[in-house]
Amino acid sequence: MSAHRADLERTEVGELGEVAVATPGGRFAARVIDTVVAGVPGWLAAVLIWPDGSLVSRLLFALLVVFAYEFALVAVRGTTPGKSLLRIEIADLSTGAAPSPGEAFLRTLVFWAVPMTTLSVLLIDERLRRGWHDLAAGTIVVLRPSEG
């Protein structure tokens with residue numbers, strides 16, 4: 001449906017052909033879903049592992065779980081449950097394939113290493129809506145075409 005909206009920016013991405021670029025709102029919503037899906041179990045695991053642990057150590061553990069979740073799923077599937085729910089996929093900009101494990105790791109590392117509430121969420125390439133993490137890994141965030 002929305003992959004065919006005339007107001008969405010479209011671009012050629014390798015073997016995928018012409019695809020719609022994911023919107024900032026969709027990307028943000030997917031990030032929130034994925035952070036909850038991975039972060040809540042990560043937090044609960046930290047509480048079980050370190051019942052007397054500090055708030056900071058539990059938070060860092062939960063963030064590590066979110067990092068591993070994002071990296072592993074993007075490396076294997078090119079998407080996460082939150083992204084998939086919103087028909088969002090990560091693709092190598094030149095080939096259109098799912099990111100390699102190295103690209104997925106670099107993308108995730110840059111997103112979480114650069115303060116995510118500032119620089120990494122800025123869409124540096126406005127037309128293709130690519131952030132620092134996408135530029136570093138050579139990826140683009142696209143909408144999966146509608147079935148049918």
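Axes here are lines fitted to C-alpha atoms, for helices over the stretch in contact, with angles running from 0 to 180 degrees between N-to-C directions. Helices (H or I, at least four residues) and strands (E, at least two) are DSSP runs, numbered from the N terminus. The crossing of H1 and H2 is right-handed, a term for a near helix turned clockwise from the far one by less than a right angle, with anticlockwise giving left-handed.

On the H1 side, the contact (heavy atoms within 4.5 Å) is made by Arg31, Asp34, Thr35, Val37, Ala38, Gly39, Gly42, Trp43, Ala45, Ala46, Val47 and Ile49. H2 contributes Leu55, Arg58, Leu59, Phe61, Ala62, Val65, Val66, Tyr69 and Glu70. By class, the contact of H1 with H2 holds 14 nonpolar, 3 polar and 4 charged residues. In this scheme Ala, Val, Leu, Ile, Met, Phe, Trp, Tyr, Cys and Pro count as nonpolar, Asp, Glu, Lys and Arg as charged, and the others, Gly among them, as polar.

Residues are numbered from 1 along each chain as its sequence is written, and side-chain values use heavy atoms, with hydrogens and water left out. As the model is predicted, local features need pLDDT of at least 70 and side-chain atom pairs count only at pLDDT 80 or more, while totals for chains, interfaces and linings use all residues.

Confidence comes next. The pLDDT, which is the predictor's confidence in each residue on a scale from 0 to 100, averages 85 over the protein, and 85% of the residues score at least 70.

Overall, the protein has 5 helices and 6 strands, arranged along the sequence in the pattern β-β-α-α-α-β-α-β-β-α-β. Of its 148 residues, 39% count as buried, where buried means under 20% relative accessible area, exposed over 50% and partly exposed in between (1.4 Å probe, protein chains only). Of the contacts with a separation of 6 or more, 61% join residues 24 or more positions apart.

H2 also packs against helix H4 (residues 101-113), at an angle of about 150 degrees and with the axes 8 Å apart. This crossing of H2 and H4 is right-handed. From H2, Leu63, Val66, Phe67, Glu70, Phe71, Val74 and Ala75 meet Pro101, Ala104, Phe105, Arg107, Thr108, Leu109 and Trp112 of H4. The residues of the contact of H2 with H4 comprise 11 nonpolar, 1 polar and 2 charged.

Thr108 is buried, with a relative accessible area of 3%. Leaving aside neighbours within four places in sequence, Thr108 is in contact with Phe67, Glu70 and Phe71. A separation of 7.0 Å lies between the C-alpha atoms of Thr108 and His133, 25 residues apart along the chain.

Pro41 is found in helix H1 and is partly exposed, at 44% relative accessible area. Its C-alpha atom is separated by 8.4 Å from that of Val65, 24 residues apart along the chain. Leu143 has its place in strand E6 (residues 139-143) and counts as buried, at 8% relative accessibility. Between Leu143 and Gly26, 117 residues apart in sequence, the C-alpha to C-alpha distance is 9.5 Å.

Two loop residues complete the picture. Ser94, in the loop between E3 and H4, counts as exposed at 60% relative accessibility. The C-alpha atoms of Ser94 and Val13 are separated by 6.2 Å, although these residues are 81 apart along the chain. Arg87 is found in the loop between H3 and strand E3 (88-92) and is buried, with a relative accessible area of 19%. Its phi is near 60 degrees, a positive value in a residue other than glycine.
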